[in-house]
Amino acid sequence: MTRPTDLTLGQRPAGRTLMTADWLLAYHDDGHRLVPRGELVMEDGKVIFAGRRFDGVVARRIDFGSALISPGLIDLDALSDIDTYGLVTDNQPGWAKGRIWPRSYVERGPYEMYTPEELAFQKRFAFGLLLLNGITTAAPIASLYYREWGETVAEFDAAADAAGDLGLRVFLSPAYRSGGMVLEAPGKMVPMFDEQKGLAGLADAVSFIERQHGRHGGLVNGMLAPDRVETCTLELLRRTMDAARDLDCRVRMHLAQGKLELETMHALHGVSGPQWLADNGLFNERLIAPHATHASERDLQLYAEHRVSIAHSPLVSARMGGTLNSFAACRKLGINIGMATDTAPPDMLMNLLMGLVGCRVSEKASDAVSSAELFDAATLGGAKALGRTDIGRLASGTNADIAVFRLDDPCMTPTIDPITTLVLGGSGKVTQAVFVDGRLSMLDGEVANLDMRAARERAQRQFDGLVAKYPDRSWQHRPVSELFSPSYPLLAEGA
Ligand SMILES: [Zn+2]
């Protein structure tokens, strides 16, 4: 018997590897099946068996004991910068705290808050965090508040290499937009547009995908990422959908995510975002749309009719007082739902618990949704959104993208059912091992090719540097000490 620690981080074990544990989640017929003491065999990056008992010869057997061998989780809006929401959660309103560019900052000329090295580093660090949480497929997302305009090709070339080094499956290209919101007066936000910048961003993204798609043994995949519906022009989105068809890739764009978007869409186009896209023939199954928390009933019918997938990130929505209305109602309409972290902590299991709670609260019913339905969204739903059947499930022929979750972690309640226990546990910290493409990307908190402790220290320094620049692009340029007050008053000098 081989111990997990006998495997080499960053490497794919040679020959057939059989893994077993108290529980295996295998795909059979048309859905996940729990297999007590099941066996999974992988070879050359593929699963060749997932079921009860494997009769063939194997090079090694690994027993994870009291654990669940699960398909790796799929994150459709995976945090890929150093999240800043913590700055404003207790310091509101956001427009007064640097969440919207004031006119004075736009006029002086927006600039990159990070150096190219910092931009590359934060994606690498973020990818490490995703792996620590059992996420094996990620479509990175980052805030554009801190950018001169859109994301850059250089940082995405670096991100593609980071995905290859660490061993994470990614769907990505630099995010672009033709507009942004500007703060004219307290609480008064208006859009400003620059069509050429949007079209140039799309051209960069297309050439990035042509160059990068398929690299690192297929870990790197293209996905177009226009930022959000209200800051994209019709022309930009028409060309985006044409490009997606030519490249055969998905498009992700924030949609029905908030009140400001709704008001802006009505002011600009007289209809909601989903309605506007549908009216213009741009609503189709290539679209992955975070967050749908502000979609009307009519909007949701359009998602269903046009087979648009929702990227559901209940943690970030709930923290801002919002919820999808509701997970169960969308499922009933036949809408495909995948899951997303979209914030720190990038913890998918925490998001599944939030999704369960949010749905039951909005339906006012304790049986409105089950743990398995949330787990389906984080695996099968995400894969469907991405148009893939070789991830999000463990069966003969799928990619060996696997997360092993411990069930005997001291913080876990005794297991009754592994899925129920993991969803109710609400913490990705119980992730023991992650394989992507059959390669060991994470084991016991260690990530291949990245020292997470050193990276955490560097991330802190980088974050502190960003905060110091906040006054530059905040309303009335107040000092940091006035922008962000401490949770409790600081004890006075000499007290
Ligand atoms: Zn979002």
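Reader: Is Trp101 buried or exposed?
Author: Trp101 counts as buried because its relative accessibility is 4%, where buried means under 20% relative accessible area, exposed over 50% and partly exposed in between, with a 1.4 Å probe and protein chains only. This is a predicted model, in which local features need pLDDT of at least 70 and side-chain atom pairs count only at pLDDT 80 or more, while totals for chains, interfaces and linings use all residues. Residues are numbered from 1 along each chain as its sequence is written, and side-chain values use heavy atoms, with hydrogens and water left out.

Reader: Which residue forms an aromatic pair with Trp101?
Author: Trp101 pairs with Tyr105 in an edge-to-face arrangement, 5.4 Å centre to centre with 80° between the planes; rings of Phe, Tyr and Trp (its six-membered ring) pair if their centres lie within 6.5 Å, and planes under 30 degrees apart count as stacked, over 60 as edge-to-face and the rest as tilted. Tyr105 counts as buried because its relative accessibility is 0%.

Reader: And what does Arg177 lie over?
Author: Arg177 lies over the face of Trp101, at 5.2 Å from the ring centre, and over the face of Trp149, at 4.4 Å from the ring centre; the criterion is that NZ of Lys or CZ of Arg is within 6 Å of the ring centre and within 35 degrees of the ring normal.

Reader: Switching to the metal, which residues coordinate the zinc ion?
Author: The zinc ion is coordinated by His254 (NE2), His291 (NE2) and Asp342 (OD), at 2.1 to 2.2 Å; donors are N, O and S atoms within 2.8 Å of the metal (3.2 Å for Na, K and Ca), and water is not among the atoms, so sites may look incomplete.

Reader: How many bridges join S20 to S21?
Author: Four bridges join S20 (residues 431-436) to S21 (residues 439-443), and these strands run antiparallel.

Terms used
Pairing = 2+ DSSP bridges. Helix = DSSP H or I, 4+ residues; strand = E, 2+ residues; numbered from the N terminus.
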